[in-house]
Amino acid sequence: MVGVVSGILIVSAVIAVGYCAARMRILGPEVQGALTRTAFYVTNPALLFTVVAGSDIRAALGTDAPLALLSAAAAGLLYCLLSFLFFRRPVAETAVGAMASSYANANNIGIPVSLYAVGTAQHVAPVLLVQILVMAPFYLTVLGLASGARISWKRLLVQPFANPMIIASGLGAAVALTGWTVPDLLARPIDMLAGGAVPMVLLAFGLSLAGKAPLQKDDGRTETIVATLLKVAGMPLIVWVLGRFVFGLEGQHLLACVIMGALPTAQNVFLFASPYGRGMTVARDVILCTTVLSVGALLVVAWLLA
């Protein structure tokens, strides 16, 4: 419990520094973009490589990946059902809302929260793999078909394997499975880059929170509230039920998985929706609302399970 609370407070403090830097105009929007790109292409892949290489990859993929896929599918389907019954939104907007309800920020927020809260980030990799290899191609296909865009199946199949997170996770998995020892001259620079991942992504995220005004009237407010509640409350509950009674998880492992479920919505949801111009406001507002409310959700998870 103490470790989880301390981890959340540490992460929140660094995010607050980024937010204050933006509000005081110490750092501008261009810095956020530079930090995000550096984290995406350099430091986070380095951190993922070190985490996966030192983890029990067989055990993680054997339980965490199926659990992540089933819980995300359940949350997304629940949103779709509510949308078709009550909101009656078009397919593209419904797809964006479903993605916002189930696509966790396992990269930017999940890595530091997991690292500080439960002492390891090895449970992040299976979630990332499921999201990038399964969920992202599926939702992009639905958005493309619903928007009348031409779908490049070759691009959809190849795109995940061009992602630096997937490449780093794959290389780390190869090291973990083979037992190969990374030479010191290679391991030390990777460790140095990995050390900059957590503060970099948290500062960038804090910068992104400045100047946002969510939940505007007649701008998808109801869909935003429903998707937010599903992400910060519904999905952790689904993960706990599946993890405890279907996969038989207990203790620290169950806590880590539920923490993954309680993470806020990833910024990728907005990035996926932007090219099609569908559901962008809902995606943006859910990202912001879940980011704020997930702190409380994570504290509740820690109190109940730690």
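This is a predicted model: local features need pLDDT of at least 70, side-chain atom pairs count only at pLDDT 80 or more; totals for chains, interfaces and linings use all residues.

Reader: How do you know how many helices and strands the protein chain has?

Author: A helix here is a DSSP run of at least four residues, and a strand needs at least two. By that count the protein chain has 14 helices and zero strands.

Reader: Why is the protein chain called as compact as a globular protein of its length?

Author: The globule rule gives 19 Å for 306 residues, and the radius of gyration is 19 Å, so the protein chain is as compact as a globular protein of that length. Along its principal axes, the C-alpha trace spans about 55 × 50 × 45 Å.

Reader: What share of the contacts in the protein chain joins residues 24 or more positions apart?

Author: Among contacts with a separation of 6 or more, that share is 84%. Contact means heavy atoms within 4.5 Å.

Reader: Why is A68 called buried?

Author: Buried means under 20% relative accessible area. A68 has 13%, so A68 is buried. You'll find A68 in helix α3, residues 57-87. Leaving out residues up to four places away in sequence, A68 touches V127 and V130. The C-alpha atom of A68 is also 9.6 Å from that of G243, although 175 residues separate the two along the chain.

Reader: What makes α5 "mostly covered"?

Author: Of its 12 residues, 10 are buried. Among them are N107, N108, I109 and P112.

Reader: How do you know that α5 falls short of a straight helix?

Author: Compare the two spans. A straight helix would reach 16 Å at 1.5 Å a residue, but the end C-alpha atoms of α5 (residues 106-117) are only 14 Å apart. Just after α5, G119 takes a positive phi of about 85 degrees.

Reader: And what makes α12 mostly covered?

Author: Count again: eight of the 11 residues in α12 (residues 251-261) are buried. They include L254, L255, C257 and M260. Over the whole protein chain, 49% of the 306 residues count as buried.

Methods
Residues are numbered from 1 along each chain as its sequence is written. Side-chain values use heavy atoms; hydrogens and water are left out. The radius of gyration is taken over C-alpha atoms; the globule rule is 2.2 Å times the number of residues to the power 0.38. Buried means under 20% relative accessible area, exposed over 50%, partly exposed in between (1.4 Å probe, protein chains only). The expected span of a helix is 1.5 Å times one less than its number of residues.
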